[in-house]
Amino acid sequence: MAPMDTSAVTRRPQRRVPAFASALMRFIVMAATTLLGLLAVTFFIGRVIPIDPALAIVGDRAPQHVVERIRLELGLDLPLYQQFWIYLKQVASGDFGTSVLTTNPVLTDILRVFPATIELATVGTIIGAVLGIPLGVLAAVKRGSIADQVVRVIGLVGYSVPIFWLGLLALVLFYAKLGWVAYPGRMDIVYEYTFTPTTGFYLVDAIWQGEWDVVRDLFRHIILPGALLGYFSLAYISRMTRSFMLNELSQEYIVAARAKGLSEARIIWFHALRNAAVPLVTVIALSYAGLLEGSVLTETIFAWPGLGLYITNSLQNADMNAVLGGTVVIGAVFVGINLLSDLLYRTLDPRTRSR
Amino acid sequence: MSVVEQTVKPYSREWLLSDRPQSRRQAKLGRAYVVWRRFGENRLALLGLVIILALLFVAAFAGVLAPHDPLQGDLRNARLLPPGAEGYLLGTDDQGRDILSRLLYGSRLTLLVVVLVAVIAAPVGLIVGTVSGYAGGWIDAVLMRITDIFLAFPKLVLALALVAALGPGIENAILAIAVTSWPPYARIARAETMTFRQSEFISAVQLMGASPFRIVMRHVMPLCLSSLIVRVTLDMAGIILTAAGLGFLGLGAQPPLPEWGAMIASGRRFILDQWWVAAMPGIAILIVSLGFNLLGDGLRDALDPKEAGQ
């Protein structure tokens with residue numbers, strides 16, 4: 001260990017960049033094989049499991065000539081490995097087939113609905129992080145106290161409650177009974193004619209265009225599903241924050257800071273939390289990925305026109321191309337977020353660099 | 001010294017906590033006692049245990065406990081009665097069926113799902129993980145790549161796609177959840193295996209000529225069990241929630257089966273006026289998954305004091 005350290009110090013400028021580049025290379029290779037595996041799994045689900053994949057795509061009631069045409073289009077007369085190769089080539093060129101339900105190419109559909117999901121998951125993650133981190137810090141600082149227990153129970157309930165059920169009850173309470181929030185959907189119908197979004201991220205667009213009425217309306221629509229997803233991310237983030245903080249607070253530099261006479265607040269928020277922030281970045285990224293998954297059920301409750309609703313609608317209509325396309329996209333985003341958070345962790349934490 | 005040991009009454013507290021167990025059984029029981037004591041100190045964990053025992057009891061005696069038929073309702077007189085109506089403690093649904101009875105019978109489906117998923121997924125994960133960790137080299141690389149691929153899918157989305165291909169139904173839902181559940185178990189089993197792969201007792205068995213198969217089966221797997229059990233218990237809540245989600249989307253158990261998620265879906269139409277139809281099954285799901293989470297947390301703290309409080 002010791003000789004390696006000295007060499008690392010003397011030759012640092014040359015060594016660090018190649019180390020980072022090789023790590024990046026490894027990540028790219030890992031991402032590529034994982035994506036290939038994802039596609040193999042979806043290929044297997046779409047083409048091998050169903051007894052007749054053509055029927056699975058067009059439905060049982062399709063006329064015979066349509067089934068035959070689809071069968072030829074899919075190349076079902078070819079051996080499996082050739083079919084897989086064709087599938088890979090199609091996906092590489094962005095071709096996930098055509099949705100039976102919307103008659104658009106699946107990729108077009110997904111690009112249209114995905115911003116809504118990202119917007120919702122982002123709002124959820126912001127709510128979760130803004131509330132979850134202080135709660136976790138509080139629980140760690142007051143370890144074993146009533147506050148710690150309360151935070152723990154809040155988190156456990158978050159892990160245990162069915163999201164769609166909580167969403168239904170929240171709708172009854174906050175929309176139907178109290179009238180605090182708007183009805184399910186992304187915006188009031190009135191605004192759909194007056195407001196023209198440019199990017200698909202409505203909140204950003206509306207703020208950019210200075211349409212404050214629209215912003216308020218969008219907010220009234222997103223706040224409930226966003227808060228719901230935020231609760232789930234809070235459960236995870238507060239729990240992890242607590243454990244990271246407990247770890248940091250037991251370190252010697254905290255004792256040193258206390259000995260120097262720093263105030264407790266300064267020690268907690270500036271010294272301990274700053275060090276806990278590095279692994280927290282990973283946790284927040286993972287919870288963001290988790291919310292993309294959680295959005296599937298949330299979107300069906302709140303009629304939120306995102307990827308989750310698209311997948312469940314397609315499921316209900318046996319629109320297999322759309323389901324598999326959505327699955328691949330969510331899986332790919334998942335892989336991307338995981339790798340990014342890993343890279344970020346390595347960049348932020350100097351200790352991981354010299355290894 | 002031995003005089004002191006002999007005065008201790010067998011199975012007493014001192015006997016169990018003895019530093020010098022006289023037999024294997026005493027050592028085993030002593031360890032179990034310590035774990036139990038640690039578990040028992042945690043009130044929330046005990047609450048979780050009580051909830052799960054209650055679930056088992058209810059599932060076993062649903063036929064005796066349920067006041068009404070879970071599948072056949074009284075359409076003429078008992079549609080959508082509120083909770084507390086005479087003879088219907090939790091009210092009735094749109095087909096005049098007693099919600100309490102349906103919840104009681106539904107506990108069997110919940111239990112069926114978690115048990116079957118655990119029985120399918122845990123051994124698969126255990127085998128993949130221990131083989132991967134013990135063999136190392138390219139076997140390890142290949143198995144872990146496969147594990148990573150399955151980990152890359154969000155659970156619910158992969159389960160949805162699988163059920164879409166297999167067709168809706170409770171068997172397919174169980175299969176789909178099992179397929180999405182094994183990768184974390186493989187990771188854990190592999191990590192455990194790696195920690196003692198180089199240890200002396202493994203070398204000793206190798207020198208005695210044991211085959212890799214025997215070493216993995218008899219010496220590696222048993223040591224991975226406790227951390228695996230903790231993880232499976234903690235996962236039970238997630239399994240229940242995924243199953244309920246599939247049921248809610250109409251992909252799990254089919255009507256008229258009293259699956260809790262499907263019950264919420266059928267109550268959704270009346271949620272504004274007859275809130276209880278959708279609310280009650282959700283409470284049941286919440287209580288049971290909370291029970292599994294509390295139990296899993298308590299088990300982890302009791303079996304692995306290092307991680308306690310995290």
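Of the 167 residues in the largest nonpolar core, Ala161(B) and Ile240(B) touch the most other members. A nonpolar core is here a set of buried Ala, Val, Leu, Ile, Met, Phe, Trp, Tyr and Cys residues joined through C-beta atoms within 7 Å. Domain 1 (23–92) and domain 2 (107–352) of chain A both give residues to this core, so the core lies between them. A residue is termed buried if 20 or more other C-beta atoms lie within 10 Å of its own, exposed if 12 or fewer do, and partly exposed in between, with C-beta atoms placed from the backbone. Leaving aside residues up to four places away in sequence, Ile240(B) touches Thr110(B), Val114(B), Ile285(B), Val288(B) and Ser289(B). Two residues are in contact if their C-beta atoms, placed from the backbone, lie within 7 Å.

The model is predicted: local features need pLDDT of at least 70, side-chain atom pairs count only at pLDDT 80 or more, and totals for chains, interfaces and linings use all residues. Residues are numbered from 1 along each chain as its sequence is written, while chains are lettered from A and ligands numbered from 1 in the order in which they are written.

Chain B has 13 helices and zero strands. Helices (H or I, at least four residues) and strands (E, at least two) are DSSP runs, numbered from the N terminus. The C-alpha atoms of chain B fill a box of roughly 75 × 55 × 30 Å along the principal axes. Of its 310 residues, 45% count as buried. Among contacts in chain B between residues at least 6 apart in sequence, 66% join residues at least 24 apart.

Within chain B, helix α6 (residues 99–135) and helix α9 (residues 170–196) pack at an angle of about 35°, and their axes are 6 Å apart. Axes are lines fitted to C-alpha atoms, for helices over the stretch in contact, and angles run from 0 to 180 degrees between N-to-C directions. The contact of α6(B) with α9(B) comprises 22 nonpolar, seven polar and two charged residues. In this classification Ala, Val, Leu, Ile, Met, Phe, Trp, Tyr, Cys and Pro count as nonpolar, Asp, Glu, Lys and Arg as charged, and the others, Gly among them, as polar.

Between the chains, 37 residues of chain B are in contact with 40 residues of chain A. On the side of chain B that touches chain A, α7 (137–152), α8 (155–166), α11 (212–248) and α13 (276–303) of chain B each supply at least two residues. That side divides into 28 nonpolar, six polar and three charged residues.

The domain assignment of chain A gives domain 1 (23–92) and domain 2 (107–352), with bounds that come from an automatic or database domain assignment. The centres of the two domains, taken over C-alpha atoms, are separated by 33 Å. Their contact takes 14 residues from domain 1 of chain A and 12 residues from domain 2 of chain A. On the side of domain 1 that touches domain 2, α2 (12–48) and α3 (53–58) of chain A each supply at least two residues, and α2(A) gives the most, with 10 residues. By class, this side of domain 1 has 10 nonpolar, four polar and no charged residues.

Helix α14 (residues 307–316) of chain A is mostly covered, as eight of its 10 residues are buried. The cover of these buried residues includes α6 (106–141), α13 (264–302) and α15 (320–348) of chain A, together with α8 of chain B. Leu307(A) lies in this helix and counts as buried because it has 29 C-beta neighbours inside 10 Å. Not counting residues up to four places away in sequence, Leu307(A) touches Ile110(A), Val113(A), Phe114(A), Thr117(A), Gly326(A), Val329(A) and Ile330(A).

Several backbone features remain. Most residues other than glycine have a negative phi, and most peptide bonds are trans. Ala303(A), in the loop between α13 and α14 of chain A, has a positive phi of about 45°. Ala303(A) is partly exposed, with 13 other C-beta atoms within 10 Å. Just after α14(A), Ala318(A) takes a positive phi of about 55°. Thr103(A), in the loop between α5 (80–92) and α6 of chain A, has a phi near 60°. Thr103(A) is exposed, with 8 other C-beta atoms within 10 Å. In chain B, the peptide bond from Pro255(B) to Pro256(B) is cis, with omega near 10°. Pro256(B) lies in the loop between α11 and α12 (260–267) of chain B.
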